[in-house]
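Reader: I'd like a close look at a single part of this one. Could you walk me through the core and what sits around it?

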Amino acid sequence: MHDMTHAPVQLTAAAANKVFSLMCEEENFALKLRVYVTGGGCSGFQYGFAFEEQIGEEDTVVTRAVEKGEAEEVEEEAGEGGGSGEVSLLVDAISLQYLLGAEIDYREDIEGEQFIIRNPNAKTTCGCGSSFST
C-alpha cells in the first residue's frame, strides 16, 4: 500500500467521497475502485473503471482516508452504513505503466457524473475523455 503523498496514482477527495458513497449504498465496505487501461478507443488506449472486492497479486493498491466531516456527510447522503472511512484504488501492473503520476477525480456537471483521469503520460486525448495515446 502506498502513502498518498508518494502514490504512483492519486485519488482526489471528490473521487474518494464518491467511492465511499457507493460503498455505503451497496453496504459493502470491501469494494475497491479499479482503474485500468485497455487497447482501443478513438485514440489508441481506453480507460476503464470497475468495482471489485479482490486484490490481485500484481495490483498496486492506493488507499485514501475520507475526511471525517466528508465521510459523515457522504454517509448521511448514502443512508445507513458504517465503514472505515477509507477507500482503495486498484491498478494492475500493465495499466500502472500508463497511469504513473495520473490523478483520478470525480466530476458532476451538466454532462453528467463521471470519474475522470488527468494523465500526464497522455500525449493526446479524445473529446470524450475516455481514450488517449502516448
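Author: Quick term first: contact here means heavy atoms within 4.5 Å. And keep in mind that this is a predicted model.

With that, let's start at Leu89. Leaving aside neighbours within four places in sequence, Leu89 is in contact with Val9, Leu11, Leu33, Val35, Thr60, Val61, Val62 and Ile104. Leu89 also turns up in the largest nonpolar core, which has 27 residues; Val87, Leu89, Leu99 and Ile104 are the ones that touch the most other members. As for who supplies that core, helix 1, strand 2 (32–39), strand 5 (86–91), helix 3 (93–99), strand 6 and strand 7 each put in at least two residues. Helix 1 gives the most, with six.

Strand 1 and strand 6 (residues 103–109) run parallel and are joined by two bridges. Zooming out, there's an open sheet of three strands in the order 1-6-7, with mixed pairing. Its edges are strand 1 (10–11) and strand 7 (112–118), each pairing on one side only. Helix 1 (residues 13–26) packs on this sheet and touches strand 1, strand 6 and strand 7, its direction making about 75° with that of strand 6.

Ala50 belongs to strand 3 (residues 45–52). Ala50 and Arg34 are 16 residues apart in sequence, yet 5.1 Å apart in space, C-alpha to C-alpha. With a relative accessible area of 24%, Ala50 is partly exposed.

Terms used. Residues are numbered from 1 along each chain as its sequence is written. This is a predicted model: local features need pLDDT of at least 70, side-chain atom pairs count only at pLDDT 80 or more; totals for chains, interfaces and linings use all residues. Side-chain values use heavy atoms; hydrogens and water are left out. Helices (H or I, at least four residues) and strands (E, at least two) are DSSP runs, numbered from the N terminus. Buried means under 20% relative accessible area, exposed over 50%, partly exposed in between (1.4 Å probe, protein chains only). Two strands pair if DSSP finds at least two bridges between them. Axes are lines fitted to C-alpha atoms, for helices over the stretch in contact, and angles run from 0 to 180 degrees between N-to-C directions. A nonpolar core is a set of buried Ala, Val, Leu, Ile, Met, Phe, Trp, Tyr and Cys residues joined through side-chain atoms within 4.5 Å.
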